[in-house]
Amino acid sequence: MIVIELKHNYKEYIQDLAALLHKELKNGLLVLPPSFGEGYVQFVELPNGLEVLVSEINFHEDVMYKRSKSPAYFCNLTFNEIQLSGSMSFTRDGVSMEDKSDYRAGVALSSSLSETSFVVKAGTKAKTINFILTEEWLKNNLNFFEEMHTLEELTLYKNTLTHPEPFDSQNRILFDEVFHTDRNHPMHKMIIKNRIMFLLEHFLSKLFRNMNKPIGVVHKKMKDADLGKLMEVETILVKDFSQPPPTIVNLAARTGMSVSKLKTAFKKVYNSGIYEYYQKNRMQKARSLLLTGQYTVKEVGLQLGYTNLSNFSLAFKKEFGILPSHV
Amino acid sequence: MFSFEYTHSSYSQMIEDLAARLNVRLKDNWLFFPEEIASGYYRVLQLPNGLDVNIINCRMNRDWFVHRKRDEEEYYTLRFDELTVEKDISIGIDTDVVEKKKETVAVAYLTSSLFDWYYLGTKGTTFKGVNILIPKQWLGKLMGIELFDDILPAYIALKSRSFTMEPLDKVYYELMNEIMQEDHDSPLPQLYIHNRVQLLMERFFTRIHSRVSLADVQSNIKHDDIYTVLKIEKLLIENFSGKPRSIEELSRKATMSSTKLKKIFKSVFGLPIYEYYQQKRMQRAGELLSSGKYSVKQVAEKIGYSNMSNFTNAFKKHMKQDPSAFSNTD
């Protein structure tokens with residue numbers, strides 16, 4: 001088992017990690033050695049000074065991440081999509097917890113107020129975007145920060161470390177763009193940073209909206225295992241638009257839920273029907289491909305599984321009110 | 001006429017000067033125009049990444065003239081402007097002038113401080129704009145788009161040709177409107193505006209990158225060479241009444257071989273030197289004719305034609321119309 005100390009300064013953290021793994025750091029990019037896993041960790045400094053780590057890792061070894069209490073308050077915001085191998089165990093201030101679901105695709109929040117550690121088992125595949133939000137930044141940027149003591153106190157994000165808040169479609173689109181944008185694109189760095197900034201904005205605005213809602217409306221009680229299944233369904237749905245989506249019967253079989261239970265549960269968590277969610281993300285994907293200016297309408301239509309272009313145009317118009325050729 | 005001239009490379013300095021000129025007080029870098037000049041506001045904000053942004057949203061109650069004079073210090077201004085013109089407006093970039101009458105001009109474009117830039121408009125113009133001031137080093141360093149070091153000067157060189165002015169579409173409008181919404185209760189005002197400004201830039205640069213590459217601007221041309229060629233272009237078209245300067249003379253002035261000059265000139269301006277000269281010459285003829293001040297014969301003489309039928313033929317070839325159709329003598 002490899003043990004890694006988490007820090008609230010990502011620049012230092014990634015340098016230490018590179019030293020520990022005897023690898024070189026190039027432009028903030030650390031390519032991992034096979035003894036640790038396959039993949040990379042990328043340090044990103046946002047234009048507003050915030051530090052972010054983006055990583056995509058296929059773990060070859062059990063890794064324990066530890067963070068001790070810190071005198072300064074800061075928040076750690078994590079967007080991740082993880083295919084778990086075995087269960088993931090956590091300790092927070094001495095209390096142990098376990099996540100036994102197979103899948104996590106959501107947002108988690110934790111802070112320096114607690115001592116935390118978690119173990120990721122070999123075989124786990126994880127894509128993550130981590131933010132450090134310092135108290136100073138939060139105070140300067142959130143008009144509502146004074147109204148709450150810490151971000152964690154919000155019902156919605158209590159315990160998200162073990163049970164992340166599932167992605168909504170906006171999160172999903174932005175998250176995927178961070179990982180799918182072509183590294184050779186001349187605007188690559190800027191696009192990545194912009195998507196990350198929008199993830200943060202979306203998260204904070206949602207937090208603000210939900211803060212004013214009565215407690216209980218937001219928090220949907222659901223069994224952890226079911227939530228894990230739903231996150232898996234969501235990930236499958238948005239994975240590849242060039243293929244027709246799996247049938248609901250098929251999805252239900254994979255999750256071990258009945259068709260009607262799956263439909264209801266999905267709607268509860270994602271606020272839309274399964275195919276509606278698929279289609280919405282598909283159109284968003286179309287829009288972002290068109291916005292890159294690198295593809296024709298026809299190419300985009302084909303990439304998204306439309307053999308009939310006028311069907312594509314109509315579907316697009318239905319979603320955005322304009323034809324794809326006008327993007 | 002209300003006129004304002006500046007050379008500032010800082011918008012916060014500029015808004016202070018403007019406030020002093022108008023004798024109004026600034027509040028958090030918001031400037032509300034006095035009614036006799038305009039109805040609406042002008043504001044400046046600095047993003048956390050250090051970029052200056054100005055936002056204007058007003059209706060001009062007088063004829064007006066805003067002029068940024070050229071400056072030795074090099075920086076770019078990325079403009080997203082929507083001008084609803086009741087009578088007319090001239091947009092001047094360096095020696096190029098675009099004139100528009102009774103229409104909405106909604107464009108995104110980039111200007112460089114190395115060239116003069118102005119808007120000269122009539123009373124009743126509605127002006128909405130989001131402008132971003134970008135220091136030269138900024139693009140490469142903070143946005144990580146080093147490629148633009150070579151492409152941007154070439155792009156700038158194309159100035160006001162329709163190629164560089166990109167019409168504002170729905171996506172741009174949405175972002176501009178979101179930036180302009182005066183929502184003081186937004187939970188995260190800075191981040192909100194910052195993100196949209198970033199997106200405006202991302203979209204604009206992505207698009208010019210794909211278009212400039214399409215226009216076959218060689219990205220291996222050196223920055224200095226492009227500037228040399230810009231100077232040569234000025235020399236070439238400063239006067240049409242005599243014979244054009246020879247390639248030998250131009251390459252001496254550029255301290256480049258004639259082969260190199262020809263090659264770089266074509267990459268930057270899209271045409272061989274003399275074809276470009278001829279095109280500009282005919283454009284000049286068109287401008288003179290449409291001013292209504294000169295006869296076809298006078299125009300021909302001014303641009304160096306002693307033989308009228310040669311002029312008429314050349315004009316038709318470039319402008320697809322007879323010179324007399326251009327002359328505006330009503």
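This report looks at one helix in chain A, a helix pair in chain B, and the model's confidence.

## Ground rules

This is a predicted model, so local features need pLDDT of at least 70, side-chain atom pairs count only at pLDDT 80 or more, and totals for chains, interfaces and linings use all residues. Residues are numbered from 1 along each chain as its sequence is written, with chains lettered from A and ligands numbered from 1 in the order in which they are written.

## Helix H6 in chain A

Helices here are DSSP runs (H or I, at least four residues), numbered from the N terminus. H6(A) spans residues 248-255, and its buried residues (20 or more other C-beta atoms within 10 Å of their own, with C-beta atoms placed from the backbone) are A:Leu251, A:Ala252 and A:Thr255. Their directions from the helix axis to the C-beta atoms fall within an arc of 100°, so they line one face of H6(A).

That buried set packs against H5 (224-239) and H7 (259-270) of chain A, with contact meaning C-beta atoms, placed from the backbone, within 7 Å. Just past the end of H6(A), A:Gly256 has a positive phi of about 75°.

## Two helices in chain B

H9(B) (residues 273-290) and H11(B) (residues 308-319) have axes that come within 10 Å and cross at roughly 100°. H9(B) is therefore roughly perpendicular to H11(B) (angles of 65 to 115 degrees count as such). Among the residues that meet are B:Met282 in H9(B) and B:Phe315 in H11(B).

## Confidence

Chain B averages a pLDDT (the predictor's confidence in each residue, from 0 to 100) of 83. The complex gets an ipTM of 0.79 and a pTM of 0.75 from the predictor.

Technical notes. A residue is buried if 20 or more other C-beta atoms lie within 10 Å of its own, exposed if 12 or fewer, and partly exposed in between; C-beta atoms are placed from the backbone. Two residues are in contact if their C-beta atoms, placed from the backbone, lie within 7 Å. Axes are lines fitted to C-alpha atoms, for helices over the stretch in contact, and angles run from 0 to 180 degrees between N-to-C directions. Angles under 35 degrees count as roughly parallel, over 145 as roughly antiparallel, 65 to 115 as roughly perpendicular and the rest as oblique.
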